[in-house]
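Thanks for coming. I have one structure to go through, and I will keep it short.

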Amino acid sequence: MEKVLTFLLAFLFLFLVETSRIGSANELQDGLFSYRAGEYNTAYELLSPIAMQGNPVAQVLLGIMFEKGQGVSRDYKKAVKWYQLAATEGNAIAQNLLGQIFEKGLGFPKDDAEAFKWYRLSAEQGYALSQFLLGKIFYFGKAVEQDYREAFKWFKLSAEQGLTDAQYNLGVMYYQGQGVDQNYREAFDRYQVLAMQGHAKARYNLGLMYYHGKGLEKDYKKAFKWFKLSSDQGTATAQYNLALMYDHGEGVSQDCARAIEFYQLAANQGNGLAQSNLGLMYDIGKAVSKNNKVAVKWYRLSAEQDVKEGQSNLGTMYEKGHGVLQDYKEAVKWYQLSAHQGFKDGQSNLGTMYEKGQGVPQDYKEAVKWFRLSAEQGFEDAQLNMGIMYKNGTGVIRNYKEAAKWFRLSAKQGFALAQFNLGIMYEKGQGVPQDNKEAVKWYQLAADQGYKSAQRKLGKLYEAGKVDSNNYVLAYMWLNMASIQGDEDAAKDKIRVEKKMTAAQIQEAKEMTLSRKLKISNPSQPKPCTHQPSF
């Protein structure tokens, strides 16, 4: 409404010239000044007789007073009465206000077609706000067929008159290539002008362009700068993106405590992704004390907004009975909602429920279906499961080559269990040529992540001399590491190998064990605070 009043007062003197024959310009001016001063009762007394004489400015102001309940009881029917009197005489502002009444359904049923009619009449007279609103109708396809070219045309006319929101929308359309050829440079230039003027959304979009390197060189530091400026203005998505940058250490030093601070800000504004990630922080106890009930609270808020990440995470809490009573059917419900939105984690989790027959009848074919959908999106857990299903012939015809293919895809993403399984395939020659060196390569990748079964496998291979020649020092080291983690068979194997070694070899192997443990516990790259997808 403030935008409307700004336009109204800008046209004031044009209307004074027109209305000099049907009312006193001085009385109209006094009425306007009273309205601006908030003296609504006085304004109403001064403007009513002038409006009755047919003055469009007075009629519009009386309509506004009835719509907002200023100096009179709020009455949308009376507001429309005054707007229509001015609108039927061609007053562009009154036409715009009528359009807003019908678009919002204020005192009348919503009527997008009626709103469109009045906006068009007003826009065709050059009224910038109506041109903008008409552009939105064409953009979203409300009451008319969606037409980006027509939307672009009206936004451009409005933007040329200086309407900021229209200028911003032009930037969006250049960025998306909607109604105009995609042009990142043009989008950037428009966003930058608005961002320098303090436009919060434009600042956010500049951040996105720098983050993704769209039309310019990728620059996380500049992305962070613009997200921070937009965040300071309360933009929830910018707060969420700042949290992710702190989370992953992009453009700023990784700081899980700062990440949770910005997740909280965005979550409190209802950002579903932030709510899901905030829940995850409480779930895993990162930068906050682990609290499953609080995690469930945030997951639920996210899930109920139909955020697929939140739905999958809430399903996991029900599956495991963390923060809620264990309920497989409820878990399946949330996994299904997430999976049907195409979320790979939800699809993989749903596949697991079908595989185990938890919350649904056991159905291996249905499990394979969901594992495959997830695996084809690159989810390493699902790729591993696809490998297992093909290796065991569960839900599919047994096929070692297919199994090795899926294990490899998962293993290349660093998933230790997949690396271990791929090592087994090479050791046994299943689906791949038998190759102990290749087996050792994959076992060691898994073992370096602390996977004890791979550590024991390596120990036995080195003991048996299946990698070049017998190497009892390495055999002892790997078996020792596995036994430290509680592998009882590895502990027995270690005792057997120890009997074949000299005291010096045993000491060397123990020192190597200590050195490798230190290496594993100090990874070179910081792990993200959460494991949710980026923006």
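This is a predicted model: local features need pLDDT of at least 70, side-chain atom pairs count only at pLDDT 80 or more; totals for chains, interfaces and linings use all residues.

Residues are numbered from 1 along each chain as its sequence is written, and side-chain values use heavy atoms, with hydrogens and water left out.

Confidence to begin with. pLDDT is the predictor's confidence in each residue, from 0 to 100. The chain average is 93, and 93% of the residues score at least 70. Over residues 12-17 pLDDT stays under 50, and it also stays under 50 over residues 19-23.

Next, the helices, which are DSSP runs of H or I with at least four residues, numbered from the N terminus. How do H28 and H29 pack? Helix H28, residues 472-484, and helix H29, residues 488-498, pack at about 155°, with axes 8 Å apart; axes are lines fitted to C-alpha atoms over the stretch in contact, and angles run from 0 to 180 degrees between N-to-C directions. H28 and H29 are therefore roughly antiparallel, the word for angles over 145 degrees.

Last, the aromatic pairs: rings of Phe, Tyr and Trp (its six-membered ring) with centres within 6.5 Å. There are 18 by this rule. Tyr 44 and Phe 66 have ring centres 6.0 Å apart and planes at 85°, so the pair is edge-to-face, meaning over 60 degrees. Tyr 44 is in helix H4 (residues 40-52) and Phe 66 in helix H5 (residues 56-68), so the pair ties together parts 22 residues apart in sequence.

Terms used
Helices (H or I, at least four residues) and strands (E, at least two) are DSSP runs, numbered from the N terminus. Angles under 35 degrees count as roughly parallel, over 145 as roughly antiparallel, 65 to 115 as roughly perpendicular and the rest as oblique. Contact means heavy atoms within 4.5 Å. Rings of Phe, Tyr and Trp (its six-membered ring) pair if their centres lie within 6.5 Å; planes under 30 degrees apart count as stacked, over 60 as edge-to-face and the rest as tilted.
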